[in-house]
Amino acid sequence: MTRTDYKMPIYLQLREIIRNKIEDGEYMPGTAIPSENKLAETFGINRITIRNAVDALVNEGLLRRVQGKGVFVIGKKNELSIEEHAGFVGDSFRNDTRVSVKELQKSGREAGNKYANLFGLELEDEIYYIRQMHSMNGTETSIEEFFIPKKILPSLDSINSSVFTFRDILSFYGIKLEKMKQSLRIIKGSAKVRKALNVPEGVAVFLLECDFYNEKNEVIAHSISNIRSDMQSFTVNMHK
Amino acid sequence: MNTSVTKVQPGMEAIEKLEDFIKVNRLKPHTRIPCEKDLCDLWGVSRSTLRQAVDELVENGILYRVLNKGVYVAEPRYPRDMAGVEAMVRDLVDQGNTLSKHILTMEQIEANKQIARKLKVRLGTRVYEIVKCRKVNGVPCTIETTYIDAERYPGFIDYYNEDTLMAPIFEEHYDTYQTSGTEHINVTYATQDEAEILEIENGTPLFYASGVVLDQNGEVVMFYKQLIRSDKFVFVAEVES
């Protein structure tokens, strides 16, 4: 058996121990976890290591530090099934979370180099640009941008993107959404995005980009979402 | 709201032009892009607009800056298929990358509450815990912790080593085929130990993927947690609608 000795076994890592206690309900949402001193004593680990682990969970959005009061359990984050991320959605409920959508901008624009190449258009061809702010239970969570050639959805300007979903609108036009190619990155996020979403210092941003394809394997839309990583996580179902 | 054709915001236009410039010219990683002044002249944008566009692509890991030298194209991130760890290993090898793994710890432990719940076994059941670090082209990229029911898969850790793969062991010795599963993708931040193993700075954001894999009968094969360097990997999925 291969074994390597580490100065501290990984399974003793405090971050995972605290995470398990939250998942197992030992640390209940709304309650404070033991103080750093108490944790240091219980696990025989120095306070810097404790602080380190707690900071990670605070930045993940599982714990919240309240000045002078302690560190409190927030509980589960909202989970989005990656298959369900299919273009814009209207106001909705996801689990117990109220998701509200505000259309910040909707305009026609020139395709420009990037989108002319992506959609197989001329530089001057018109595409729609929609920018939305999504909030969960009143907290701004993500900025979603959509790029759709005008020839795909000619009268998108008269349809409210915060009422109908992208799938609905495609089906109004008899367009079949065949597949989506998604990519998910962790980024720092631009100053503008961080400010608009009030991303706390030290918290990263998820950048989710998606290409939407019709049955002729043509890209019919593109989306870019900047999402607060302390407010949202993702699930994927795998099948072979 | 009535839409009208509007001019693309200069900042956005500059970002798109830069992205397109890298793509169309097929710029290889570590290629220096033309200096700010040349790009401003080429595209008719202001210096400050261009600088902001470069900043944003640097933040997003598409470009990187070298002090007093210029701006370069970053290495593309490796794809980590959302279909799981096994697909990731296969894809990386297919693309000609060199993979190696280093087992950090491998031992039999008693299932705690979380492990018992995930593996659907009694509390205290003997389970194998395997912790390993994977390197891609010599760079440490992931730390994976895998839990396997030792009563259902006795002797698993005798077969498993740094030169074998898990899936063939399950298939050959236990007639178990990994067929489905659920994965949760989250973010976490490297603790000191993880940072040392992954050769990154303390507190760097990491992907935190955890999940269970089921066999052909819908029984749990394993529970895993994978920490993945976010500067090296991008999660990708192709979803049929």
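This text walks through chain B as a whole and then a pair of helices in chain A. The model is predicted, so local features need pLDDT of at least 70 and side-chain atom pairs count only at pLDDT 80 or more, while totals for chains, interfaces and linings use all residues. Residues are numbered from 1 along each chain as its sequence is written, with chains lettered from A and ligands numbered from 1 in the order in which they are written.

Start with chain B. Chain B has 8 helices and 11 strands (DSSP runs, H or I of at least four residues for helices, E of at least two for strands, numbered from the N terminus). Its radius of gyration is 23 Å, well over the 18 Å that the globule rule gives for 241 residues, so chain B is more spread out than a compact globule. That radius is taken over C-alpha atoms, and the rule is 2.2 Å times the number of residues to the power 0.38. The C-alpha trace of chain B spans about 70 × 45 × 30 Å along its principal axes. Among contacts in chain B between residues at least 6 apart in sequence, 57% join residues at least 24 apart (contact means C-beta atoms, placed from the backbone, within 7 Å).

Now turn to chain A. Helix α2 (residues 36-43) and helix α3 (residues 47-60) of chain A have axes that come within 9 Å and cross at roughly 115 degrees. Axes are lines fitted to C-alpha atoms, for helices over the stretch in contact, and angles run from 0 to 180 degrees between N-to-C directions. In α2(A), A:Glu36, A:Leu39 and A:Ala40 meet A:Arg47, A:Ile50 and A:Arg51 of α3(A).

Technical notes: Contact = placed C-beta atoms within 7 Å.
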